[in-house]
Amino acid sequence: MNNIYWNEQLIRKYDLQGPRYTSYPTAMEFDTGFSLDLVAQAAKQSRLAARPLSLYFHIPFCAMLCYYCACNKIVTKRREKAQPYLDLLFQEMAMQSELFGNDRIVEQLHWGGGTPTFLSPAEMRALMAETNKLFRLRTDDQRDYSIEIDPREANPEVLQTLREIGFNRISLGVQDFDPKVQKAVNRVQSEELTLSVLRQSRELGFRSINIDLIYGLPHQTSQSFRETVEKIIDFAPDRLSVFNYAHLPARFMPQKRIADADLPAPDEKLTILHNTIDQLVTTGYQFIGMDHFAKPEDSLAQAQKMGRLHRNFQGYTTHGNCDLIAMGVSSISMLDRVYYQNQYTLETYEDVLQANQLPVIRGVQLNDEDVLRRYVIGQLICNFTLAFESVERRFAISFTEHFQDELTRLEGMARDDLLSLENNRISVKPAGRLLIRAICKVFDQHRLVGQQKFSKII
Ligand SMILES: C[S@@+](CC[C@H](N)C(=O)[O-])C[C@H]1O[C@@H](n2cnc3c(N)ncnc32)[C@H](O)[C@@H]1O
Ligand code: SF4
């Protein structure tokens with residue numbers, strides 16, 4: 001089933017810069033003047049509403065540096081750095097548990113990084129045991145407990161440990177199989193290794209296994225990346241993330257080691273993306289949106305089919321009813337009307353915790369208009385459709401009056417066949433799915449602020 005249509009002319013026309021809408025308002029709107037009182041108030045409200053929780057833990061360490069990397073990470077070979085970090089994390093966890101309550105069911109849990117498998121099996125057990133002490137972890141298989149894995153760090157003992165302590169989903173970083181590309185980005189990782197980690201994970205009962213790829217890396221060609229994608233299709237992961245390489249060497253220092261001249265030209269990059277989508281869709285993967293693909297029977301694709309998909313700082317999620325409490329350096333929490341981010345550096349994270357304060361550096365409080373627009377953008381980006389009536393029922397407004405300007409702007413997109421505006425509904429058409437960021441941006445009131453700082457849509 002082809003749920004996405006490639007139209008190069010439209011892609012070039014709408015290839016504007018735009019946010020990825022992992023939240024609305026986006027992190028660009030976070031303010032360092034944000035008061036901790038707002039966190040306390042939001043936590044109180046969150047307790048009263050008794051929504052289930054989603055917990056995120058950021059483990060920033062990596063043993064090796066990948067030159068392309070734009071993640072918040074600390075590259076070090078010194079494994080002894082993990083324990084002092086965990087001590088700080090435990091301190092923050094105790095504060096968060098006190099604020100949000102230890103009786104709320106944790107539906108979703110995620111360890112991200114950096115590389116969470118930088119921790120030793122004993123440290124991993126200790127982190128999960130501490131979490132279990134301070135929060136109410138779900139024990140049945142309805143829970144969604146996931147971890148990002150670097151296959152170069154995942155031996156059988158690590159995988160076995162992760163399964164034993166409660167993880168049931170994993171994501172493997174691969175990026176590209178071409179040895180020339182791997183060498184240029186300093187991430188040499190054999191196909192055999194990736195396949196063996198994938199096989200072991202399946203045998204251990206992990207489900208919804210995801211693989212990360214990146215297109216646009218140095219020395220990639222449409223032919224070389226086609227081969228990588230063919231191999232990945234043979235591995236048959238349940239989900240795939242195909243990220244666009246964001247080359248911003250002024251912002252991410254290690255990217256200076258990647259020469260501009262080695263990057264595929266824009267036309268070639270577009271062909272790589274086009275081929276990849278064709279290969280995946282022809283094989284039967286469903287385009288979920290914004291870099292993500294899933295097998296039709298996977299829970300992500302199923303949730304999208306039922307209109308129950310949501311988006312948060314970790315990307316698409318089936319747990320939109322949860323309050324997201326994020327712990328660790330640089331992590332971002334999302335409550336009903338308040339989002340906030342922790343200190344970006346280990347030093348400041350430590351300093352603030354030592355002063356017995358929540359290590360928050362910046363945040364944003366949503367007003368009624370933000371909440372309304374968040375709903376509209378969320379529906380479009382997750383489900384590709386929005387009934388005016390569903391907005392009118394929730395927010396007691398007339399959609400056509402409130403969004404008169406936006407609807408006028410969408411008319412141009414409707415003429416270009418990106419979407420239709422019939423039957424009091426916005427329906428994103430196959431040609432608009434790839435350009436969903438441009439469509440959402442029409443509803444973004446903050447879009448004029450700092451729009452040039454976002455990465456390219458395609
Ligand atoms: C935290 S890492 C995944 C876990 C582990 N550290 C690893 O690399 O295997 C998150 C993912 O972000 C993606 N990523 C990192 N830097 C990127 C960049 N500059 N542009 C696009 N994607 C990037 C990669 O696909 C990577 O697998
Ligand atoms: S891609 Fe993963 S392993 Fe590589 S530097 Fe980034 S976070 Fe670390």
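**Exercise 1.** Does D417 count as buried, partly exposed or exposed, and at what relative accessibility?

*Solution.* Begin with the cut-offs, where buried means under 20% relative accessible area, exposed over 50%, and partly exposed in between (1.4 Å probe, protein chains only). At 40% relative accessibility, D417 therefore counts as partly exposed. This is a predicted model, in which local features need pLDDT of at least 70 and side-chain atom pairs count only at pLDDT 80 or more, while totals for chains, interfaces and linings use all residues. Residues are numbered from 1 along each chain as its sequence is written, and side-chain values use heavy atoms, with hydrogens and water left out.

**Exercise 2.** Find the salt-bridge partner of D417 and state where the two residues lie.

*Solution.* A salt bridge is a side-chain nitrogen of Lys or Arg within 4 Å of a carboxyl oxygen of Asp or Glu. The side chain of D417 meets that of K429 at 2.7 Å, N to O. D417 lies in the loop between helix 15 (404-415) and strand 19 (419-420), and K429 in the loop between strand 20 (425-428) and helix 16 (430-433); helices (H or I, at least four residues) and strands (E, at least two) are DSSP runs, numbered from the N terminus. K429, at 29% relative accessibility, counts as partly exposed.

**Exercise 3.** Explain what the pair R20 and D291 ties together.

*Solution.* Their side chains form a salt bridge of 2.6 Å, N to O. R20 lies in the loop between helix 1 (8-14) and helix 2 (36-49), and D291 in the loop between strand 10 (286-289) and strand 11 (292-294), so the pair ties together parts that are 271 residues apart in sequence. R20 counts as partly exposed at 30% relative accessibility, whereas D291 counts as buried at 14%.

Definitions and conventions
Chains lettered and ligands numbered in written order.
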